[in-house]
Every structure is written in structure tokens, then in C-alpha cells.
Amino acid sequence: MKRLLALTMGILTAIGGFVDIGDIVTNATTGARYGLGLAWVVVVGVICICAYAEMSGRIVAVAGRPVYDVIRERLGPRAALLNLIASFLVTLLTMAAQIGGVAIAIQLASGIPHVVWVAPVAVGLWLVIWRVGFEKIEQVLGLAGLTIAVFAVAIWWLDPDWTALADQATSVMPPAGEPVPTYFYYAVTLFAAAMTPYSVFFFSSGGIEERWSAKDLGTQRANVLIGFPLGGLLSLGIAGAAAATMLPLGMDVDSLGQVVLPVGIAFGLAGIIVVLFGFFAVMVGAAFEAAMSCGYMVSQYFGWPWGKRVAPGRAPRFHAVVAVSILLALLIVQTGVDPVMVTEISLISAAVALPLTYLPVLIVANDKEYLGEHVNGRLSNAVGLAAMVVVLVAAVAAIPLMITTGMGA
Amino acid sequence: MGDRARARLRRRGAALLTLLALASCSSWAASTGTEHDRLTATAHSQVQTTRLVADAALQDPPAPAVTLTVVLDDTRTELTGLRQDLAELPEGGGELRALIDDALALVGRTQGAVEDADRDALREARRHAGALATALEDQSELL
Amino acid sequence: MRHTDWHGRDRIDLGTQLLDRQITAPGARAVGKVDDVELTRRDDGALEVTALLVGVAALCERTPSPERGLLRLGMRLAGGPDPARRIGLEHVVDVQSDVEVTEEGANEAASPAERRFGRLVRRIPGAGREGG
């Protein structure tokens, strides 16, 4: 019974933890523009992230090594350092986007401009990391994030043209009259939002924080293979709600305020309260994961003590890196730059950096020295390799698509 | 010597790439319509946003006025920016300029109606937004 | 050449099985990475690994510029640069996917930067609390 409860808890947390500002913005934008026409990208993204999260979970549970620890051994200090710098910058941008998003959610609830909230949000984030236990943060924010499901419920209420939605969902090519590069630009951002590289660092380091061992492999697999697809459904709900209200009007989404409107139209006051609460929870959760990931990757590269299972006084350099990262993210958002813009830039840079994270995971998951009998089977390798091809294509195409489409204008 | 030659090759390669990127960029911009079309599309989006805001305010109980006001503030900022961009165009905007001014007035009225929870004014704003969106669609082939 | 048994292995590949591995002390405490190794020339002319070197300063020796410059900058920002520390080979307990050393070996490799940051961090209330 207790085990079942833990399993349910883990899955629910994974669902809520899947969504972040990247998923929210990209799903709303593409939903308003293409309806469910890019749903296939979310499906592909979810399959890829499942494959790699499962692999890195296995590496943690069996070898007891988080991903970044292994990256330096495999790539050598120089290539790993360049990898570290790139991954760190991408994660920092991602964190800045989440902090900005939280500030905007508070603005939408209070009417006071978001720049006022940036510093309090960053300080609050640091305090939570400093004081609250790892599992408690993950569970509370993950569960609270489930309220994002209000988008999916809103689709029902709005009663859109279901046959049109079904048609869009089954197509994998741009609708007639839509420029092809723009379609694929959005496909790349949507894919990057589903794959967010920091989630692998966080997931694998979190496995150590929660002391996984080989006997937790089943639980961990269930969390990933059930939780992430359901999380993908939640983010598709956002696309669906945008498709139901905004697609017929032919409008574009460029702010978080517009994203909440479908729920406001469906459920009025209650809907807005729930959706803003959900935004707050998932973005604080993602900011927490990104901030911790910044600390994890630097500490693991240099071999320092890290994590929340030791007292902060025993991992001072880890906590210093986390605090400095939060400060840098705060400075980025405090310039007053539009958080939606930061989100888009972070997603494109993430798309470029994706192979840096995922290739080493694939290599180590095939290494008998680390995993013994738990090395990748045929299925894992087939999915992993196919995913790697998609990741490489997205990485190569990201920048040219961004330039030619003027960021999807 | 070999190093220097390689560095020169690399510089030339980079220059070529930049050129290619710029060329494709401008050709793409040309194929997606003029600046006038882009401004029209953005204005259209903002008008439709105003319509959705009115919809949400007509719910029972209505979506909170604070939230809707923030959304309308964003809309107003966008439209004001558009008016400035339009003034910089050689042809000066003409009809589009009048429509954007109309949209700004609509945003103001909607904001007032949201704050007063004036359902009649909200319905009127909704209807007006629809008409304005149609007028904007006539301005551009892309919409 | 005579191979002796060393932690269950008759030979170990320095490049792939020792360098850049995590060093841990008893209780899974992270000590650092094997940033470099100390080689000593024996009387018979062969090179012998006599110690593990730990610290960014040691890593710098293996890293070409411009990355080396970045590492130096990092050390300076952390209040350094600090010299590399050595863990004599006699302190190595086991070589698995990580390199386990004795408590004494770990203490020899204690980082001055860690101590500096520790003094700073421990002043913040709650620094002694173990997280969950």
C-alpha cells in the first residue's frame, strides 16, 4: 500500500513537473496558429525525453553516478568544460525565463508590474532551496502544477469544432498557405520545450538526492513512462484551449496574459484563479529545478560535494553556485526584458545544446563497466538512436530557422 | 603559415555564411509580405485579444478585472508601438492608422467596461472588436 | 615487466580508468576529481604513479588555452588561485567507477576554496541543517 502510494506520488509529481514556461508559451503560440497541427512534435518530444530520462535514471540507480559526473569522464576535461559552459548558460536563461514568468503570473493576479516582483521571487526561490527539503519541494510543486489540467477541461467546456481538431492532430505537414520554415521553427521550439536539457541533469541528480538504488528501477521507470506522457497531455491541453478560442480568430499569442484568456472564457473567475495558481506552481518548480541544475552541473564537473542531502555548510561551493546563478537570472529579468522573449531565446539555445546533454547519456547507458547487466537493451538503443537523430536535426536546423523566420514572425 | 591560411579560410567561410543568412533572411521577409502587412497582422491580433477579454468579462462570475486590465494594458502598449512604427513608414499608414486609433479607443472603452462590470458596454465592445477585425482583414492579403 | 595486483586489477588505464574520475571519502563524501597524477621516475628508469593530484590548478596543467584562461579566471573569482593538493597512492582504498580514498587522504586534499566558502556559508542561519 505504502509502495503504491509512493508510486502514485512519483507519477503525479512527474506530470506536474513536466510543464514549464517553455511548454506553456510554445503550446499556446502553436495552438493559436496551427491548432493541434503540431501535436505530433509533442508526441515525438515526449518519446525522446522518456527514453533519455529512463536511461539517466538507470545510470543513477545502478552506477550511483549522476549525468554530469560521467560527462567529464567520457568527454575529457576540455570538451566537458565547453559542454558545461554551454549547458550552464542555457539553463541560466531557462531559469531567468521561469522567474520572469512567475513575476508575470503575480502581475496578472495583482495588477502590479512584473519588474517589481522579480527580486522577491528570486529571493523566495533561494530561501526555499536553502530551507525546505528536496522531496517536499518536488511533491508540493508537482502536485500544485497539476492544476494546469484546467486547460484540458476548458476545451470540453468551450466545445470547439472537434472534427477540425482531430484533422489537425493527425496531420504532420504545415496547413495550406502557411510558410513552411515558420512551421518548422515552431516545431523546433516545441520539441526543445519538451526536451529541456536541465531536466536530465536534475532528474539524475535528484535520483541521488532521493537515494535510488537498483531496486527502485521499476518505480523510477513507471514515474517516467507514465508521468511524462501525461505531462505532455497537459501541455497539449494548453494548445487545444488556444486552438478552440484563438485559432478561429486568426490571432497570435505574444504574452502570458493572452494564454489565460481561454480558461477565463470557459470558467470566469474560478478558472483564472486556478490557472494563475498552476502557472505559479509549475514555473516556481521549474525555476527550482533549473537553479539546482546549475549547482549540480558545476559541482559534478569539479567533483565538489553537492546537493541537499548534506547540510549547506558541508557543500558550500554548491550553494554558492546556486545562489550566484539565481542572482544572474535575476539580473537578466530585472533589465525589464520580456520573459516570453527570454523563453523563446532559451528554447532555441536549448535546441542547439541538446546533443551535448543527450549523446553522453546514450554512450554511458551502453557501457558495461557502469551498468553491468542493466546496459541498454535493443529497444532502448533503437529509441535512443532515433531520438538522437531527431535531436541532431533540431540542433542543426534551430539557428537557420530562427534567422530566416525572424523568430516565427 | 598553415595556421594563418586556415584562419583566413575560416574568416572567409564565416563571411560567406553571414551573407547567405542575410540573403535568405531578406528574401524570406519579402515573401512573407510587407512591413504594412506585418503591422496590420499585429493590430488584428490585439483587436481579437480585446474581444476575448470582453468574452471573459461576460462570464458569470466574470474573470477578475485585475487580470483583464493587465492584458488590456499589454494590448494598448502594443498598439501604441504600432502607431509609432507606422509613422516611420514612407506612405505614413493612411487607413491603417485610422483603424489603429479606433482600436486604441476600443481598448480604453473595454477597460472601463471591465472595471465597471458593465455588461451592455462589454457586449458592445465585443461587437465593435469583431467589426474592427474584419476591417483589418480587408487591409491585408495575408489575413 | 611484472604486474602486481592493485585493488583487484593487474593494470589500469590512466587515461580512461583513473583520470577525471570522482574521488570519494568514506561515507560517499565527494572529495574532488582526479585532476592529474604525479609521476616519479624510478631508479630503473620507469615512470611510476605516486599520487593523485586534486584541484583546478592541476586541471589547468592539462588544459590548453583558451579554456585554461577560463579556469584561471574561475580560481581568481573564488579567492584563489590555490595550489593543487596531492593524495599519496597509499591512501587509495579502491578503484571502481569512483576512486575511494581514506579519511586521511581526503583531508590532505581538502580545498582551501571550500574552506573559504564554508566560512561564508556557515554564517547564514540554517547552514548546519541536513536537508531531506
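Okay, let's start in chain B, in the loop between helix 4 (95-116) and helix 5 (119-139), where we find Ala117(B). Keep in mind that this is a predicted model. Ala117(B) isn't a glycine, yet its phi is positive, near 50 degrees. How exposed is Ala117(B)? Well, it has 13 other C-beta atoms within 10 Å, so it counts as partly exposed.

Look for Asp159(A) in the loop that links helix 7 (150-158) to helix 8 (162-169) of chain A.

Now the cis bonds. Back in chain B, the bond from Asp60(B) to Pro61(B) is cis, with omega near -5 degrees. Pro61(B) sits in the loop between helix 2 (35-57) and helix 3 (65-88) of that chain. In chain C, Ser65(C) and Pro66(C) are joined by a cis bond too, omega about 5 degrees, and Pro66(C) is in the loop between helix 2 and helix 3 (67-77) of chain C.

Last stop: where chain C meets chain A. Chain C puts in 30 residues and chain A 32. On the chain C side, strand 1 (22-25), strand 2 (29-33), helix 2 (56-62) and helix 5 (112-122) each supply at least two residues. Which element of chain C gives the most? That's helix 5, with seven residues. By class, that side of chain C has eleven nonpolar, nine polar and ten charged residues.

Terms used. Residues numbered from 1 in each chain as written. Chains lettered and ligands numbered in written order. Predicted model: local features only at pLDDT ≥ 70, side-chain atom pairs only at ≥ 80, totals over all residues. Contact = placed C-beta atoms within 7 Å. Helix = DSSP H or I, 4+ residues; strand = E, 2+ residues; numbered from the N terminus. Nonpolar A, V, L, I, M, F, W, Y, C, P; charged D, E, K, R; others polar. Buried ≥ 20, exposed ≤ 12 C-beta atoms within 10 Å, placed from the backbone.
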